[in-house]
Amino acid sequence: MIRSLRAWTVDRDQRRRAASYVTTLFAEPAEEDVAWLSVNGADCDTDHARWELRYARRALGLLGAQRDALDDRTASLVATELARALANDRFVAPGKIRVAERQLNARLSAYGDALGNRAGEGSGWHLGRALLDFAGHRDAARPDVVAHAGDLLARYMGEANAALRKYFGAATLPG
């Protein structure tokens with residue numbers, strides 16, 4: 001009986017940590033990031049730029065949990081909490097949750113591919129290109145624009161990794 005209580009307590013604690021982590025992934029993008037993407041990728045559509053940055057932060061946060069978490073269950077817990085939070089997102093219109101889920105899944109796939117792509121300019125370049133594609137800038141972009149988009153997403157990934165360490169702990173190597 002005590003063993004079951006301990007397992008339940010640990011599980012509840014892990015779900016709470018995942019919920020806290022996901023809350024950080026739902027932070028609104030900075031206005032300067034929205035303005036930059038609006039001008040450089042979304043044909044001056046700030047609403048679209050804001051949505052793309054929201055999706056990017058969430059997708060990169062889940063990808064980071066899959067890649068960098070200390071415990072194999074962490075990514076599963078984060079995915080569950082992310083789905084719950086998306087279903088309750090005040091910015092998703094009633095009846096549009098399936099559309100939002102498909103859009104997030106498309107970004108998870110594209111950003112996951114970009115993170116694994118070391119060809120050419122490297123994964124940062126491919127991340128930037130994916131963000132610009134989703135924002136609507138599918139034609140050739142100036143190298144400095146793609147690099148800036150990649151830097152922006154690298155910052156989001158770094159913020160997600162810092163939050164992951166905050167809520168789930170950092171790896172320590174035996175010394």
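**Entry 1: H48**

Which helix holds H48? I looked it up: H48 lies in α3. This is a predicted model, so I kept the limits in mind: local features need pLDDT of at least 70, side-chain atom pairs count only at pLDDT 80 or more, and totals for chains, interfaces and linings use all residues. Residues are numbered from 1 along each chain as its sequence is written, and side-chain values use heavy atoms, with hydrogens and water left out.

I took helices as DSSP runs of H or I with at least four residues, numbered from the N terminus. H48 is partly exposed, at 26% relative accessible area. For that term I used these cut-offs: buried is under 20%, exposed is over 50%, and partly exposed is in between, with a 1.4 Å probe and protein chains only.

Next I listed the contacts of H48, leaving aside neighbours within four places in sequence. They are A42, F134, A135 and G136. Contact here means heavy atoms within 4.5 Å.

I then went to the phi angles. Most residues other than glycine have a negative phi. D43 is not a glycine, yet its phi is positive, about 50 degrees. C44 is not a glycine either, and its phi is about 65 degrees, also positive. D43 lies in the loop between α2 and α3. C44 is found in that loop too. D43 is exposed, with 73% relative accessible area. C44 is exposed as well, at 55%.

Two packed helices are described by the angle between their axes and the distance between the axes. I noted how the axes are defined: lines fitted to C-alpha atoms, for helices over the stretch in contact, with angles from 0 to 180 degrees between N-to-C directions.

How do α2 (residues 31-40) and α7 (residues 143-168) cross? Their axes come within 11 Å and cross at roughly 150 degrees. That makes α2 roughly antiparallel to α7. The classes are: under 35 degrees roughly parallel, over 145 roughly antiparallel, 65 to 115 roughly perpendicular, and the rest oblique. The crossing of α2 and α7 is left-handed. A crossing is left-handed if the near helix is turned anticlockwise from the far one by less than a right angle, and right-handed if clockwise.

From α2, the contact uses D33, W36 and N40; from α7, it uses V145, H148, A149, L152, R155 and Y156. I sorted these residues: five are nonpolar, two polar and two charged. Ala, Val, Leu, Ile, Met, Phe, Trp, Tyr, Cys and Pro count as nonpolar, Asp, Glu, Lys and Arg as charged, and the others, Gly among them, as polar.

**Entry 2: α4 and its partners**

I looked at α3 with α4. Their axes come within 8 Å and cross at roughly 160 degrees. The two are therefore roughly antiparallel to each other. Their crossing is right-handed. R58, L62, A65 and Q66 of α3 meet A75, V78, A79, L82 and L86 of α4. Seven of the contact residues are nonpolar, one is polar and one charged.

Then I turned to α4 with α5. They pack at about 140 degrees, and their axes are 10 Å apart. That makes α4 oblique to α5. α4 passes α5 in a right-handed crossing. L82, L86 and A87 of α4 meet I97, A100, E101 and L104 of α5. This contact has six nonpolar residues, no polar and one charged.

**Entry 3: the core**

Which residues touch the most other members of the largest nonpolar core? Of its 49 residues, they are Y21, L37, L60, V78, Y111, L132 and L153. A nonpolar core is a set of buried Ala, Val, Leu, Ile, Met, Phe, Trp, Tyr and Cys residues joined through side-chain atoms within 4.5 Å. Elements giving two or more residues are α1 (2-25), α2, α3 (46-68), α4 (72-87), α5 (97-116), α6 (123-135) and α7. The largest share, twelve residues, comes from α7.

Not counting residues up to four places away in sequence, L153 touches A56, L60, Y111, L127 and L131.

**Entry 4: A154**

Last, I checked A154, which lies in α7. At 44% relative accessibility, A154 counts as partly exposed. The C-alpha atoms of A154 and A141 are separated by 18 Å, and the two are 13 residues apart along the chain.
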